[in-house]
Amino acid sequence: MKKIFTAIVVGILTFNSITHADSALEETQTLLKENQKKLEEAEAQQLAIQLFAIMANDKTLDTVYEQPNQLTVALSGSKEEFPTESLRAIQDAIAGQVKQSFISNYAKIYTVDELKGLVEFYESPLGKSLLEKEPELVQKTMMDLQKHIVAIMPQLKKQLQQNQK
């Protein structure tokens, strides 16, 4: 009888130990997954910062400083100039927000592997060439578009006049 009782007690203790071990294992796996996710998010953020810098987006943001009159008109609705220090503060706030938005959205939209691939590409000779020539491409495309708009403007005006009648 003692042997049976001992066997039952050992069985219960063993079962409790196994159950507790399973529970601890599940908790550990959950924590591991959470930490892996945090690490991936941190890595994505770092890669997004790197990608932003490589793509020379800071230079793009500098155009905010090069076009103060457009910003003044957009904000105030008039052609009056803001005081220089006020305009600079507005530009700094906008540029900082745009930069942070780019970085945050890169990290949200692209996977870590995609960000690594983009960084690798833009650091390659072909990627550097693309970044170097892209402003020229955009400028020429805009000039072509402007010529096209000028060419079709008489036709557009005629259509607008007919629609207004």
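**Close-up 1. Salt bridges in the predicted model.** The structure, a predicted model, holds two salt bridges. Side chains of opposite charge can pair when their charged atoms come close. One of the two bridges joins E43 and K116, and the closest N and O atoms of this pair are 3.2 Å apart. E43 belongs to helix α1 (residues 2-54) and K116 to helix α5, so the bridge links distant parts of the chain, 73 residues apart. E43 has a relative accessible area of 33% and is partly exposed. K116 also counts as partly exposed, at 38% relative accessibility.

Close-up 2. K140 and E136 form a salt bridge, with 3.5 Å between the closest N and O atoms. Both residues lie in helix α6, four residues apart, which is about one turn of the helix. An α-helix has 3.6 residues a turn, so residues three or four places apart point the same way.

Close-up 3. Helix α5 runs over residues 112-123, which makes 12 residues. Which residues of α5 are buried? They are V112, L115, V119 and Y122. Seen down the axis of α5, these buried residues fall within an arc of 100°, so they line one face of the helix. On the other side of α5, D113 and E120 are exposed.

Close-up 4. The structure holds four aromatic pairs. A pair of aromatic rings is described by the distance of the centres and the angle of the planes. For Y106 and Y110, the centres are 6.3 Å apart and the planes make an angle of 40°, and this pair is tilted. F121 and Y122 form another pair, which is edge-to-face: the centres are 5.0 Å apart, with 70° between the planes. F121 is partly exposed, at 32% relative accessibility. Y122 has a relative accessible area of 14% and is buried.

**Close-up 5. An aromatic cluster.** F52, F102, Y106 and Y110 form one aromatic cluster. Among its members, Y106 counts as buried because its relative accessibility of 12% is under the 20% cut-off. Y110, at 33% relative accessibility, counts as partly exposed.

**Close-up 6. A nonpolar patch on the surface.** Which residues form the nonpolar patch on the surface? The patch is made of V138, M142, L145, I149, M153 and L156. Together these residues have about 480 Å² of accessible area. One of them, L156, is found in helix α6, which covers residues 125-164. L156 has a relative accessible area of 35% and is partly exposed.

Conventions: Residues numbered from 1 in each chain as written. Predicted model: local features only at pLDDT ≥ 70, side-chain atom pairs only at ≥ 80, totals over all residues. Heavy atoms only, no water. Helix = DSSP H or I, 4+ residues; strand = E, 2+ residues; numbered from the N terminus. Expected span 1.5 Å × (residues − 1). Buried < 20%, exposed > 50% of the residue type's maximum accessible area, 1.4 Å probe, protein only. Arc of directions from axis to C-beta. Patch = residues over 30% accessible without salt bridge, like charges linked within 9 Å, V, L, I, M, F, W, Y side chains within 5 Å. Areas by Shrake-Rupley, 256 points an atom, 1.4 Å probe, with all protein chains shown as cover. Salt bridge = Lys/Arg side-chain N within 4 Å of Asp/Glu carboxyl O. Phe/Tyr/Trp six-rings, centres within 6.5 Å; stacked < 30°, edge-to-face > 60°.
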